[in-house]
Amino acid sequence: MALLHRPGRPAPTGRPRRLARTAAALAATLALLPPLVAAGGASAQEVPAADVDVHVNTQAALGRLSDTARGVNAAVWDSHMNDPEVAALMKTADVGAMRYPGGSYADIYHWETHTAPGGYVAPGTGFDAFMGTVRATGAQPILIANYGSGTPEEAAGWVRYANVTKNYGAKYWEIGNEIYGNGHYGSGWEHDDHADKSPREYARQVRAYAAAMKAVDPTVKIGAVLTAPGNWPDGITGEGDPGDWNHTVLSQVTDVIDFVTVHWYAGGSDTSADTAMSRLTRLPGELREVRAQIDRYAGADSPRIGIALTEVNTNTGGAQLTARPNGLFAADAFMTALENGVFNVDWWNTHNGPGAITTVDGETDYGDMGMLASGSCTGDVCQPAPNTPFHPYYGMKMTGELGTAGDTMVAAASSAQDLSAHAVHRRDGRLSVLLINKNPDAARTVDLAYAGFSPSAAAPEVSRYARGDSDITDVTDSGASASRVTVPPYGMIAVTLTPKSGTGPGASAAGIPGTPRLEAVTDTTARLSWAGTTGAARYLVQERDGAHTYLVGETTGTSVTLRNLPPGSTHTVNVLAADSAGRLAAPSDPLTFTTGTPADAACTVDYHRDTSWGNGFVATVSVRNLLDTPITGWTVDWDWPTDGQSVSSGWNATFHQSGRHVRVTAPENAGPLAPDGASTASFGFVGANDGPNPDPTVFRLNGAVCAGG
């Protein structure tokens, strides 16, 4: 999938088009607070009975907001990209990153001559003009070095000009845009002059680009392009390649890169923003799979390599794009991605140009992937004046109500599918909660409960963006309280609470521990260590399950071994420091790890994906019995890691799936599995995946956990 502005088609009059991703634990004593009195005193409005429960846990950190968390794309074909209004609007929305020179244009754009052969370049969109907008915004640039028609030397020259000659301090540099779309897999929208268009050649060139660019400025961060798991061409192995794009590239570049980039468009056969909001449930799994792939090839060095989501939108054109539901999607998408391990999210696009005209929620939708109007027309229907914000801009801006760089994202869980909840624990001790009501017809009244946070009796600050609001509106006197909030239909509410005096991390004499590291892992144990902090009398290791946490380890040192973990199980943990009075400081950033399979298992299973095509695959499974007695009448069981995986059909066995669980039974008249691994039973199947397709982590033969083959 790729977003590009078609070469030769000016942006002001044309719309860019796109071608078709348990440990046995002690129960945590995290008491939920009783409902508080509504803010606003006698004048407060009566709030209806709640129909949604939201639980927020400040002891479950999801990571810190970076200074580049919120970003936008800017394209050299956009004549309005450097209008003064753009910098003012983006600064107000706390935008910290601006990506240039614009998607697929990056692979035809030559920075020094400000030309893009075969494409339109608008006046006033050169690099220095762009950097003027970046600096006026208070942001950082994310620059795409020309891979398709450029060279490592050209990219090094750009680094020299940017960071030596002009002292711009440009840190983040991607090598190309969507290079997997260069035709190697049969679909080619990305310009690529290399005779060899394979992932191996891209990896080789990334190493060359990184060497040349870091020779000029060793502080620059180099990013390599990956596909989003579960999105084309993920899983496809090209002719002569050792694996698919991601595995081939990562196997060769993790020692020279500093981050990877992925693009995510919700897509689907129904391209409405409402459907896109429901498809956001896929994104956490896809981002976990990206991290798992980096872990596989970078090992202990994996935490150094970041993930940037440098393009995101509902779809690639022709549906709800400027209307209210896409504003809800924008807010939900930004926070979902940031909570799941990315340091930067960039909306496509700042301005993009109109497409199909429709009516959505009583408003004109201009079919425009931009956040701001370009002032252009489709037929006799014209957009508002240039730089008039569309709803996605306010969605992104609403996330700024939660917090800024250095604040901690914490777990929040909603009992309703049509209401999303996100929360940030600020460095000054306040807690902000964003509630997004995706129901167009009904308000949702939310009961809020907290773990690890005690709100004061003060009325919370409340901001709203809903029907009738022309901007984010202060509604502090609306009757919302720390325990109950009503969110209008198709609306968003942000509530910011102050902590009760003497409570929270600010009351602890301990600091924040370092992020835990996985020192060693077996099938049932995991040894963790972390950097200690001042004022700590002891450390607690807590495992997260949704928005709830459970104590799994405690020590006065800076390492612990967790025991009795199930084989092949995945765990996410934080470390908290307690001072001598037992008061807890803020949690560390999280660590996610997976246990292995037993080395002395009574069986082995080899699971091999033979081929994949984005949303489907063929796999072969081979089983051996390592006992000293034969096995007659076998079953093999596994659980899929994600909800979207399934068995469609199979051979050489009988298949049954219930939820994520798969049971495979030996065919009638199957011979016994010989002892000591002397024979093998093999079966295969066609599978389907809607989203990421990670391999199962544990297999059981007649209930016994097997080792990998």
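This is a predicted model: local features need pLDDT of at least 70, side-chain atom pairs count only at pLDDT 80 or more; totals for chains, interfaces and linings use all residues.
Let's start with helix H3, which covers residues 152-165. Its 14 residues, at 1.5 Å a residue, should span 20 Å, and the end C-alpha atoms lie 18 Å apart, which agrees. Its buried residues are Pro152, Glu154, Ala155, Ala156, Gly157, Trp158, Val159, Ala162 and Asn163. The elements that cover these buried residues of H3 include strand E5 (97-100), helix H2 (127-137), strand E6 (140-145), strand E7 (172-175) and helix H4 (199-216). Just past the end of H3 sits asparagine 167, with a positive phi of about 55°.

Buried in H7 are Leu283, Pro284, Gly285, Glu286, Leu287, Glu289, Val290, Gln293, Ile294 and Ala298. Among the elements covering them are H5, strand E9 (259-265), helix H6 (273-279), E10 and H8. After H7 comes glycine 299, and its phi is positive too, near 60°.

**Where H1 meets H9**

Now to a pair of helices that touch. H1 (residues 84-92) packs against H9 (residues 391-399) at an angle of about 40°, and the two axes are 9 Å apart. That angle makes H1 oblique to H9. On the H1 side, the contact is made by Leu89, Met90 and Thr92, while H9 brings in Tyr393, Met396 and Lys397. Sorted by type, the residues of this contact are four nonpolar, one polar and one charged.

How many of the nine residues of H9 are buried? Nine of the nine are, so H9 is largely enclosed by the rest of the structure. By name, they are His391, Pro392, Tyr393, Tyr394, Gly395, Met396, Lys397, Met398 and Thr399.

**Backbone spots worth a look**

Most residues other than glycine have a negative phi, and most peptide bonds are trans. The table gathers some places that depart from this pattern.

| Residue(s) | Backbone feature | Value |
|---|---|---|
| Tyrosine 100 and proline 101 | cis peptide bond | omega about 15° |
| Tryptophan 232 to proline 233 | cis peptide bond | omega near 5° |
| Tyrosine 490 | positive phi | phi about 50° |
| Aspartate 676 | positive phi | phi near 55° |

Where do these residues sit? Proline 101 is placed in the loop between E5 and H2, and proline 233 in the loop between strand E8 (221-225) and helix H5 (245-253). Tyrosine 490 belongs to the loop between strand E22 (484-487) and strand E23 (491-497). Aspartate 676 lies in the loop between strand E36 (661-665) and strand E37 (680-689).

Is tyrosine 490 buried or exposed? With a relative accessibility of 5%, tyrosine 490 counts as buried, because the cut-off for buried is under 20%. Aspartate 676, at 57%, counts as exposed, because exposed means over 50%.

Asparagine 315 is part of the loop between strand E10 (306-313) and helix H8 (324-339). The relative accessible area of asparagine 315 is 3%, so this residue is buried. Its side chain makes a polar contact with the side chain of threonine 314, at 3.1 Å.

Threonine 570 is in strand E29 (residues 570-578) and is partly exposed, with a relative accessible area of 49%. Which residues does threonine 570 contact, leaving aside its neighbours within four places in sequence? They are Glu543, Thr592, Phe593 and Thr594. With threonine 594 there is also a polar contact, side chain to side chain, at 2.9 Å. Threonine 570 and alanine 106 are 464 residues apart in sequence and, C-alpha to C-alpha, 39 Å apart in space.

Glycine 362 is found in the loop between strand E12 (358-360) and strand E13 (363-365). Its relative accessibility of 71% makes glycine 362 count as exposed. From glycine 362 to aspartate 51 there are 311 residues in sequence and 27 Å in space, C-alpha to C-alpha.

Technical notes. Residues are numbered from 1 along each chain as its sequence is written. Side-chain values use heavy atoms; hydrogens and water are left out. Axes are lines fitted to C-alpha atoms, for helices over the stretch in contact, and angles run from 0 to 180 degrees between N-to-C directions. Helices (H or I, at least four residues) and strands (E, at least two) are DSSP runs, numbered from the N terminus. Angles under 35 degrees count as roughly parallel, over 145 as roughly antiparallel, 65 to 115 as roughly perpendicular and the rest as oblique. Contact means heavy atoms within 4.5 Å. Ala, Val, Leu, Ile, Met, Phe, Trp, Tyr, Cys and Pro count as nonpolar, Asp, Glu, Lys and Arg as charged, and the others, Gly among them, as polar. Buried means under 20% relative accessible area, exposed over 50%, partly exposed in between (1.4 Å probe, protein chains only). A polar contact is a pair of N or O atoms within 3.5 Å; within protein, one must be able to donate a hydrogen and the other to accept it, and residues adjacent in sequence count only if both atoms are side-chain atoms. The expected span of a helix is 1.5 Å times one less than its number of residues.
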